[in-house]
Amino acid sequence: MTSLGTASAAPGEKDTGRLPVGEARDGSEVGLPVAVVNGARDGRTLYVQAVSDGDELNGLGVVQRLYPRINPKELSGTLLIVGIVNHYGFQVAEHRNPIDDTKLNRAYPGNANGTASERIAAATFDAATRADLVLDLHQGSTSRMINETRVRCGPRHRLHRDCLELAKVFGCGYILDQKGPDGQLARAAPDEGIPTIDPELGGAVGWDEESIRLGLQGVMNVLTYYDFLDGTHDPDAQTRATGFEQYGAPAGGLVSFHADLGDTVERGDTLFEVTDPFGTVKSEVTADTAGIFWRTRRLPQIATGEYVCSVGTDIDQY
């Protein structure tokens with residue numbers, strides 16, 4: 001038998017249940033929705049989680065479609081899934097955990113006796129470290145962004161090449177290969193010897209069918225390439241950025257973009273203009289470095305210094 005929380009499955013079976021992570025303000029138990037798919041044949045273990053940021057729902061869309069699709073009798077190895085990590089943020093459609101005002105994907109590896117976010121991180125980290133490979137599904141929150149995978153352990157990490165291979169196999173088309181902040185699962189799990197990526201499945205608040213479809217295909221690519229499922233997968237070359245430049249607003253007003261997501265930009269190209277409510281241009285911002293137009297804010301109104309867009313730089317093919 002393989003168990004995760006109250007989900008338990010014998011070889012060739014699958015089950016869903018709850019992973020206890022504490023109690024809510026009314027004293028009721030809080031349990032994260034989890035699933036176990038226990039393959040009929042021996043093999044590796046893949047851990048998949050979604051919604052560690054409470055308003056990033058595309059990963060949940062992937063899980064919703066993935067679990068019914070996998071027949072455990074055709075699987076070698078085990079699939080462990082946590083469908084909603086940030087329980088409290090998900091309930092109120094907020095990015096951070098409102099109980100402790102924490103971005104949960106900065107809390108790993110967690111603390112079983114700590115804050116609400118640290119306890120959730122500890123419980124899900126325990127699950128993740130049972131695996132041979134980890135997929136932490138994200139999206140752009142309130143930003144618009146390309147579909148990408150992120151390798152966050154840094155180029156000097158002993159598992160960098162393994163994480164980069166996993167990102168290429170997942171196959172969103174773009175990879176951001178840049179060391180991430182402390183507390184990310186994709187930083188903490190490689191330190192335990194587990195190749196980990198966090199696919200960013202599109203952007204903006206909502207439920208984007210194209211990004212969900214791409215994410216589901218990415219998980220299936222991983223399951224095939226690493227021999228969980230029969231078949232072969234030959235990964236396509238990915239466009240990789242190892243630099244990431246962010247641009248803020250030099251003035252307040254309304255932003256108008258001169259590039260679309262995925263466009264190649266050259267140094268000096270206009271990225272956006274800021275206008276007043278009547279269309280008068282107040283400021284123009286140009287690219288400091290050549291790269292790919294990677295991410296933008298979703299709404300047009302901006303204040304001075306507010307985030308506007310990002311450009312992936314130092315581009316190559318991997």
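**The sheet and its surroundings**

Mentor: Strand β5 (residues 41–50) and strand β7 (residues 133–137) run parallel to each other and pair over 5 bridges, and within this pairing Gln49 has Asp136 of β7 as its bridge partner. Strands (E, at least two residues) and helices (H or I, at least four) are DSSP runs numbered from the N terminus, and two strands pair if DSSP finds at least two bridges between them. The model is predicted, so local features need pLDDT of at least 70 and side-chain atom pairs count only at pLDDT 80 or more, whereas totals for chains, interfaces and linings use all residues. Residues are numbered from 1 along each chain as its sequence is written, and side-chain values use heavy atoms, leaving out hydrogens and water.

The pair belongs to an open sheet of 6 strands with mixed pairing, ordered β3-β4-β6-β5-β7-β11, whose edges are β3 (13–23) and β11 (196–197), each pairing on one side only. Helix α1 (residues 58–69) packs on this sheet, touching (heavy atoms within 4.5 Å) β3, β4 (29–38), β5, β6 (76–82) and β7, and its direction makes about 145 degrees with that of β3. Helix α3 (residues 116–128) also packs on the sheet, where it touches β3, β4, β5, β6 and β7 at about 150 degrees to the direction of β3. These angles run from 0 to 180 degrees between N-to-C directions, with axes fitted to C-alpha atoms, for helices over the stretch in contact.

Turning to another helix pair, the axes of α4 (residues 160–170) and α6 (residues 209–225) come within 8 Å and cross at roughly 120 degrees. The two are therefore oblique, a term for angles that are not under 35 degrees (roughly parallel), over 145 (roughly antiparallel) or 65 to 115 (roughly perpendicular). From α4 the contact draws on Glu165, Leu166, Val169 and Phe170, and from α6 on Gly215, Gly218, Val219, Asn221, Val222 and Tyr225. Among the buried residues of α4 (under 20% relative accessible area, with a 1.4 Å probe and protein chains only) are Leu166, Val169 and Phe170, together with His160 and Cys163.

After α4 comes Gly171, whose phi is positive, near 80 degrees. Gly171 is among the residues in contact with Gln238, as are Lys168, Cys172 and Tyr318. Gln238 lies in the loop between α6 and β12 (239–248), and it counts as buried because its relative accessibility is 2%. Its side chain reaches the backbone nitrogen of Cys172 at 3.4 Å.

Terms used:
Buried < 20%, exposed > 50% of the residue type's maximum accessible area, 1.4 Å probe, protein only. Polar contact = N/O pair within 3.5 Å; in protein donor to acceptor, adjacent residues only side chain to side chain. Lists of a residue's contacts leave out its neighbours within four places in sequence.
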